[in-house]
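Kindly read each point beside the displayed model.

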Amino acid sequence: MNSASGLMVSAFAALAAACAFGVAAALQHQQAGLAPGGRTLSPRLLIDVARRPLWLAGLALAAAAYGLQGLALALGPLTLVAPIVAADLLFALPLAARWSRRPLRARDWAGCLLVATGVAAFLAVAPPPADRQAVPVTDWLLVFGTVAVITGLSVAAGRVTGRTGRARLFAGAAGVVFGLTAAVTASFTRALRQEGLGTIPSHWEPWVLIWLGITGLLLSTGAFQASALASSLPIIDTVEPVAAVLIGAVIFDERLATSFSGLLVQLGAACVAVAGIALLGPALAALQPDRRRRDGMSARRELLKTRRDTTTREDYADQLRHLPC
């Protein structure tokens, strides 16, 4: 497969991954919002949501999307795949409109147009991908150390803030972890493409990917549970491609546009895409289960139960008083 056809397959695989990731995020967010509170970043949270068939369906869809992303990264650079995968917001939005039983507004269509335009303009001026074969261990250690520090600080700050702040901080940490996951996946799939499937046991990437997958899943589920999807998914979709592109520059020597004008176009395109993501944020709030309504219904059920119990005790006491001594 030549370079042009490989890049085309990579782009289509990344687009399919974005679609699957968007639907998976919508399903997982809806189910995570129904999980009991007070279990943020606890393994019990994953146990709770794992009992929900729709959450498991979202997880299976996310696994399929990850396979498509791996195929895209095996054939194309992070600077191509990451911006396309970040467009999963465009596929989650129709679910928000359907579940909320309302048509898309002009603001939503404008946001979709800005995201699509920004991603297309960014990719249009991207230089040909670099092909760095050997990555020094020191580069990997630098990247892993930076991601660990950012994630640790975000989690620590999220534990002492409100729900919205917690969702944003956890989402930012999840985006950084997902960006690193994409880089490790690219390294692994490219090695397998050159050496064959028989060399899987000799690589370190699969074990690290398991750890990164659990960490990213726990962070994103915690962000989804903490607040509305508008507080988390736009941040993940913004941070993940930025982190992936920066990590790709360090690890694989991938670069942005080499000319000053091209660099300005790419920066402007990134700003346009981020503006579109911000416009789409409020529409995603429709995916958040009405926690207050659910809690209110639970409170009313408890109140009715208490009243029934109280009435039963009072009736029993009246009967005792009327018994002959």
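1. Does Trp140 count as buried or exposed? Trp140 counts as buried because its relative accessibility is 8%; buried means under 20% relative accessible area, exposed over 50% and partly exposed in between, with a 1.4 Å probe and protein chains only.

2. This is a predicted model, in which local features need pLDDT of at least 70, side-chain atom pairs count only at pLDDT 80 or more, and totals for chains, interfaces and linings use all residues. Residues are numbered from 1 along each chain as its sequence is written, and side-chain values use heavy atoms, with hydrogens and water left out.

3. The structure contains 4 aromatic pairs. Rings of Phe, Tyr and Trp (its six-membered ring) pair if their centres lie within 6.5 Å; planes under 30 degrees apart count as stacked, over 60 as edge-to-face and the rest as tilted. The pair of Trp140 and Phe144 is tilted, because the ring centres are 6.1 Å apart and the planes stand at 40 degrees. Both residues belong to helix 7 (residues 137-158), 4 residues apart, or about one turn of the helix. Helices are DSSP runs (H or I, at least four residues), numbered from the N terminus.

4. Trp140 also forms an edge-to-face pair with Phe252, at 6.4 Å centre to centre and 85 degrees between the planes. Phe252 lies in the loop between helix 10 (233-251) and helix 11 (260-284), so this pair ties helix 7 to a part 112 residues away in sequence.

5. Phe252 is buried, at 4% relative accessible area. Ring pairs link Trp140, Phe144, Trp204 and Phe252 into a cluster.

Note on methods:
Helices (H or I, at least four residues) and strands (E, at least two) are DSSP runs, numbered from the N terminus.
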